[in-house]
Amino acid sequence: MPVCWLVGKEKCGQRVKLPHMEAVLIGRGPETGITDKKCSRQQGVNPTSVDLVNIGKDEEVKMKPGQVLHIVNKLYPYTVQFAEESGKTVTEAKEKIQTRKVSHEDSCENDDVECVPRKTMKMEVGDTQGSSANPKLSNTVVSPREGTSSKKEHSGHWSQGLKSSMQDPKMQVYKDEKTVVIKDKYPKARYHWLILPWDPISSLKAVTRNHLELLEHMHAVGQKMIEECPARESLEFRLGYHAIPSMSQLHLHVISQDFDSPTLKTKKHWNSFTTDYFLNSQDVIEMVRSKGKVMLKGDVSELLKLPLRCHRCKQHLSTVPQLKEHLKKHLPK
């Protein structure tokens, strides 16, 4: 069956596969062969264009077959084509490609995956209802900050969800040049935010002393969120990281200690925030400062299996519903 490819016009050997129903990030990196540092987050200065017409910030452009997408500064032209797995072209895409440029702007966690530093394009292949000759494609140009590269990521997987959520203005509650703060999609308390760096850092495993200033900045942003919270006088907060996150992209949790949320449903949810599985932000900073990396003790995943116990009074509870009913006793009056 033919598959969809993004094909370079100048170098036909430069092809990026667009798998069915999966998002693909492209830009500066080995897939495209682009090394131009202008292919970065400076979208306004170094724009993407379709048929030599620049795509402005937050602007949508629909591409038709035969049109040419230039990645940056009217350079690096690409078209979308169908080809066999070998890359031999059989036809061009017959549906429209929707190109949208968005500014910098989620909540899962497990990973050894980092993005290549680049201006990226997110290509989404929509439902073809069994037809290989009539795909729906949408493509979003986004601009994460540049950072170190590692392994190639499978961006359509659920574990990559944070990377799309951090670009969503509806999810954002604060952003600056280094970080963005988003609401957790499935909050485990009344107030639950995630602080993510723009730099593509997969997880604590990838953190080194070079990231110390960033970790301190993320902590300061977390403190700022708490200070501006309307319930700061009645609620306590913690800032920390999951030892083994299920979502890719480093993120700091800022979470109120009421745990009053309908999306807190399982023992794993509870223990991930109330045992040593949850690493305090300051402890992480000190560990990186002294040891140069984050070091975990033993099999931390076993902490998620511990019996349910109230984080306030240490009373043991048999089930999550019993625990949640018990927690009501500790809610602020």
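**Aromatics, a central strand and its sheet**

Reader: Let's start with Phe278: is Phe278 buried or exposed?

Author: This is a predicted model, so take the numbers as computed from its atoms. Phe278 comes out at 3% relative accessibility. The cut-off for buried is under 20%, so Phe278 counts as buried.

Reader: How many aromatic pairs are there by the ring-centre rule?

Author: Ring centres have to lie within 6.5 Å for a pair to count. By this rule the count of aromatic pairs is six.

Reader: Take Phe259 and Phe273: is the pair stacked, edge-to-face or tilted?

Author: The centres of Phe259 and Phe273 are 6.5 Å apart, with 50° between the planes. Stacked needs under 30 degrees and edge-to-face needs over 60. With its 50°, the pair is therefore tilted.

Reader: How many residues apart are Phe259 and Phe273?

Author: Phe259 sits in the loop between β17 (252–256) and α3 (267–274), while Phe273 is in helix α3 itself. The pair links distant parts of the chain, and the separation in residues is 14.

Reader: And what is the angle between the planes of Phe273 and Phe278?

Author: Phe273 also pairs with Phe278, at 5.4 Å centre to centre. Phe273 is buried, with a relative accessible area of 4%. The Phe273–Phe278 pair is tilted, and its angle between the planes is 45°.

Reader: What covers the buried residues of α3?

Author: The buried residues of α3 include Trp270, Asn271, Ser272 and Phe273. Helix α3 lies across β15, β16, β17 and β18, running at about 105° to β16. The cover includes those strands and a helix: β15 (192–197), β16 (237–242), β17, β18 (278–280) and α5 (320–327).

Reader: How many residues of β15 are buried?

Author: His192, Leu194 and Leu196 point one way from β15, with Trp193, Ile195 and Pro197 pointing the other way. Both sets are buried, so β15 is largely enclosed by the rest of the structure. The buried count is six of the six residues.

Reader: Which residue of β17 is the bridge partner of Trp193?

Author: β15 is joined to β14 (residues 179–183) by five bridges, antiparallel, with Ile182 partnering Leu194. Towards β17, four bridges join the strands, again antiparallel. There Ile195 stands opposite Leu252, and the bridge partner of Trp193 is Val254.

Reader: Which are the edge strands of the six-strand sheet?

Author: The open sheet runs in the order β13-β14-β15-β17-β16-β18, with antiparallel pairing. An edge strand pairs on one side only, and the two that do so are β13 (172–175) and β18.

Reader: What does the twist average from one strand to the next?

Author: The sheet in question is the open one of six strands. From one strand to the next, its twist averages 30°.

Reader: At about what angle does helix α4 run to β18?

Author: Helix α4 (residues 281–291) lies across β16, β17 and β18. Its angle to β18 is about 70°.

Reader: Last one: how many disulfides are there?

Author: A disulfide needs cysteine sulfur atoms within 2.5 Å. Cys310, buried with a relative accessible area of 1%, is in no disulfide: its nearest cysteine sulfur, that of Cys313, is 3.7 Å away. By this rule the count of disulfides is zero.

Technical notes:
Residues numbered from 1 in each chain as written. Predicted model: local features only at pLDDT ≥ 70, side-chain atom pairs only at ≥ 80, totals over all residues. Heavy atoms only, no water. Buried < 20%, exposed > 50% of the residue type's maximum accessible area, 1.4 Å probe, protein only. Contact = heavy atoms within 4.5 Å. Pairing = 2+ DSSP bridges. Axes fitted to C-alpha atoms, helices over the stretch in contact; angles between N-to-C directions.
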